[in-house]
Amino acid sequence: MKKMNRRTKTVMLAAAILLILAAIAIAGLVMNADSYGPDYGAKKLAPSAAHLFGTDYLGRDMFCRTIKGLSNSILLGTAAAGFSACVALILGIVSAAIGGTVDKVISYLVDLFMGIPHMVLLMLISFAAGKGLKGVILGVALSHWPNLTRVIRGEVLQVKNMQFVKAAQKLGKTKTQVAYQHIFPHVVSQFIVGLILLFPHAILHEAGITFLGFGLSVDTPAIGIILSEALKHISTGMWWLVLFPGGLLVLVVMMFDKLGDYIRLLIDPASAQE
Amino acid sequence: MGSTLLRMILLLFGVSAISFMLVISSPIDPVEAFVGSESNISKEQKEIVAEYWGLDQPPLQRYLTWLKNLFHGDMGDSIAYKKPVTQVLAERFATSCVLMLTAWLISGALGFVLGILAGICSGKWPDKIIKTFCFVLSSTPAFWMGLLLLVIFAVNLGWFPVGFAVPVGKSAADVTIGERIHHLILPALTLSITGVANIALHTRQKIIDVMKSRYVLFAKARGENTWQILKRHGLRNIAIPAITLQFASFSELFGGSVLAEQVFSYPGLGNAATVAGIKGDAPLLLGVALFSVLFVFVGNLTANILYGVINPQIREGTES
């Protein structure tokens with residue numbers, strides 16, 4: 001095989017990661033509920049060929065539960081990060097493009113939300129939503145926008161003072177036209193990278209808040225719940241309940257991180273031409 | 001300086017208002033949470049309690065009342081612990097403080113050293129190992145790290161207790177300092193390890209920047225070795241941003257301690273927040289939230305002030 005150049009290699013790697021993540025998400029969606037249900041004939045089994053990740057105290061196959069949980073995490077994380085990123089994009093552009101009082105109010109809100117520790121904010125939102133699944137989704141979706149808003153606002157402020165934007169303004173275009181036609185295309189690459197880098201955060205926070213016992217019933221396979229059950233039974237020495245689900249979670253988070261890096265390499269003008 | 005302070009105070013008010021609104025908009029009925037779900041008091045009695053607590057008043061009125069009482073040092077009573085919230089906070093913070101302070105110091109020192117090591121060996125194998133290590137760490141949730149340590153050191157090796165801050169079934173007076181430290185090691189280790197990645201990567205980048213600079217090139221030409229260059233030109237340049245960053249990381253520190261305390265059943269503030277959230281203990285949740293905001297706020301303020309005080313460039317800049 002011919003040696004690939006760097007850009008092709010990056011594209012291939014990014015595609016491979018995307019494929020794996022999509023496969024996990026879909027595998028969880030189409031999975032038969034029986035495959036991770038209790039099987040009282042196969043309780044507390046150590047990992048083997050039949051049960052790759054072993055089984056727990058109810059005989060549930062941990063491999064299937066983990067995949068189902070990760071699938072839920074990926075879907076939830078994607079939805080929540082997407083929502084947060086859209087909020088950030090709109091607020092960021094509005095804040096920088098209009099300026100004045102609007103900018104002050106939005107910046108104040110960003111500071112406000114960043115002043116509350118993320119975990120505490122998640123708890124507050126999920127408490128306000130009456131706990132449950134709704135609380136987790138709302139919490140993760142509503143708490144990830146401030147950082148990205150700040151990044152996009154900074155980016156827009158930079159672009160705003162460039163020659164071509166000033167020229168457009170002098171040509172008599174309205175503020176909305178300038179924002180949409182001249183500023184937005186420049187911010188969109190930052191936005192996409194920021195969006196993908198939000199996923200790992202969203203997934204980790206979702207796992208954290210469910211681990212604490214907020215939201216999602218105990219039977220739902222979610223990584224946070226699997227691990228909090230493992231904690232309850234930790235003194236029984238079933239190490240596989242801890243190692244595999246958590247390890248896979250870390251792998252998924254790392255893959256999202258890498259994906260963000262690769263996509264940055266691909267769309268950042270400074271490195272895209274290599 | 002005055003305007004910064006005003007801004008900060010405005011922020012504190014905003015945060016308290018948001019937390020208050022979030023907590024009272026919860027569908028969890030505070031009266032029911034207070035009496036417990038089993039007891040069957042009549043609807044009229046419930047209304048009397050609700051009226052006594054002022055639950056029938058508009059939200060703004062309730063916020064102002066809460067704020068007024070807050071300034072008098074009264075944050076209400078915790079439902080879960082049946083004690084005044086201020087008392088719970090004080091007890092819990094003492095326990096949490098030890099944990100967070102230890103972890104903060106260890107992660108700062110370890111991260112700084114690892115960062116310098118990686119930066120000096122940039123591109124060689126120590127750098128690659130440290131970079132990979134930090135990359136994996138930054139994707140690792142604090143609670144999983146805690147669980148792993150628990151499985152290895154507490155369950156399999158049996159070196160450390162499985163949880164709690166003091167031995168189970170011993171009265172507080174009998175607990176020795178040694179026992180407290182023994183219970184502290186694993187949670188503190190968990191929290192330290194998860195805090196290392198950030199500071200290490202930051203320091204590494206700074207060292208690489210310094211090593212590329214003209215004055216280091218000149219120092220090399222003068223015949224200084226790596227250690228001398230590091231001591232004379234590197235450390236001072238890197239220490240300031242690193243310390244600032246470490247102070248600004250109070251928010252993650254608190255978030256991490258919530259998770260770590262849950263893993264080790266360590267009776268600190270984070271644990272209280274979890275209990276409050278799950279049992280519908282609104283006053284306590286609000287108290288912890290406000291406290292955590294104050295905690296982060298103090299961290300950021302210190303970072304701001306330190307940045308001005310230690311950094312000679314900024315210090316002179318403000319005077320002129």
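**Figure 1. Chain A, read along the sequence, follows the pattern α-α-α-α-α-α-α-α-α-α-α.** The model is predicted: local features need pLDDT of at least 70, side-chain atom pairs count only at pLDDT 80 or more, and totals for chains, interfaces and linings use all residues. Residues are numbered from 1 along each chain as its sequence is written, and chains are lettered from A and ligands numbered from 1 in the order in which they are written. Chain A holds eleven helices and zero strands; helices (H or I, at least four residues) and strands (E, at least two) are DSSP runs, numbered from the N terminus. Of its 274 residues, 47% count as buried. A residue is buried if 20 or more other C-beta atoms lie within 10 Å of its own, exposed if 12 or fewer, and partly exposed in between, with C-beta atoms placed from the backbone. Two residues are in contact if their C-beta atoms, placed from the backbone, lie within 7 Å. Among contacts in chain A between residues at least 6 apart in sequence, 69% join residues at least 24 apart.

**Figure 2. Arg6(A) in helix 1 (residues 6–30) of chain A.** Arg6(A) counts as exposed because it has 10 C-beta neighbours inside 10 Å. From Arg6(A) to Gly246(A) the C-alpha to C-alpha distance is 32 Å, and the two are 240 residues apart in sequence.

**Figure 3. Ile116(A) in the loop between helix 3 (100–115) and helix 4 (118–128) of chain A.** Ile116(A) has 26 C-beta neighbours inside 10 Å and therefore counts as buried. Leaving out residues up to four places away in sequence, Ile116(A) touches Leu121(A) in its own chain and Val15(B), Ala289(B) and Val293(B) in chain B.

**Figure 4. The contact between chain A and chain B takes 36 residues from chain A and 40 residues from chain B.** On the side of chain B that touches chain A, the elements that give two or more residues are helix 1 (2–24), helix 7 (142–156), helix 11 (250–263), helix 12 (269–279) and helix 13 (282–310) of chain B. By class, the residues of this side are 28 nonpolar, twelve polar and no charged. Ala, Val, Leu, Ile, Met, Phe, Trp, Tyr, Cys and Pro count as nonpolar, Asp, Glu, Lys and Arg as charged, and the others, Gly among them, as polar.

**Figure 5. Chain B as a whole: 14 helices and zero strands.** Buried residues make up 36% of the 320 residues in chain B. Of the contacts in chain B with a separation of 6 or more, 73% are between residues 24 or more positions apart.

**Figure 6. Domain 1 (2–70) and domain 2 (86–319) of chain B.** These bounds come from an automatic or database domain assignment. Ten residues from domain 1 of chain B and eleven residues from domain 2 of chain B take part in the contact between them. On the side of domain 1 that touches domain 2, helix 1 and helix 2 (30–35) of chain B each supply at least two residues. Helix 1 of chain B gives the most to that side, with seven residues. The side of domain 1 that touches domain 2 has eight nonpolar, two polar and no charged residues.

**Figure 7. The largest nonpolar core, with 144 residues.** A nonpolar core is a set of buried Ala, Val, Leu, Ile, Met, Phe, Trp, Tyr and Cys residues joined through C-beta atoms within 7 Å. Leu124(A), Leu227(A), Leu147(B) and Leu285(B) have the most contacts inside this core. The core lies between domain 1 (2–70) and domain 2 (86–319) of chain B, because both give residues to it. Leu285(B) touches Phe127(A), Val23(B), Ala273(B), Ala276(B) and Gly277(B), not counting residues up to four places away in sequence.

**Figure 8. Helix 4 (residues 59–71) of chain B.** The end C-alpha atoms of helix 4 are 18 Å apart, which agrees with the 18 Å that its 13 residues should span at 1.5 Å a residue. The expected span is 1.5 Å times one less than the number of residues. Helix 4 of chain B is hardly covered, with a count of buried residues of zero. Gly73(B) follows this helix and has a positive phi, near 80°.

**Figure 9. The kink of about 50° in helix 10 (residues 226–248) of chain B.** The kink is centred on Gly234(B); the bend at a residue is the angle between axes fitted to the seven residues ending there and the seven starting there. Gly234(B) is also one of the buried residues of helix 10, with Ile238(B), Ala242(B), Gln246(B) and Phe247(B).

**Figure 10. Ser265(B) in the loop between helix 11 and helix 12 of chain B.** Phi of Ser265(B) is positive, near 45°, in a residue other than glycine. Most residues other than glycine have a negative phi. Ser265(B) counts as partly exposed because it has 14 C-beta neighbours inside 10 Å.
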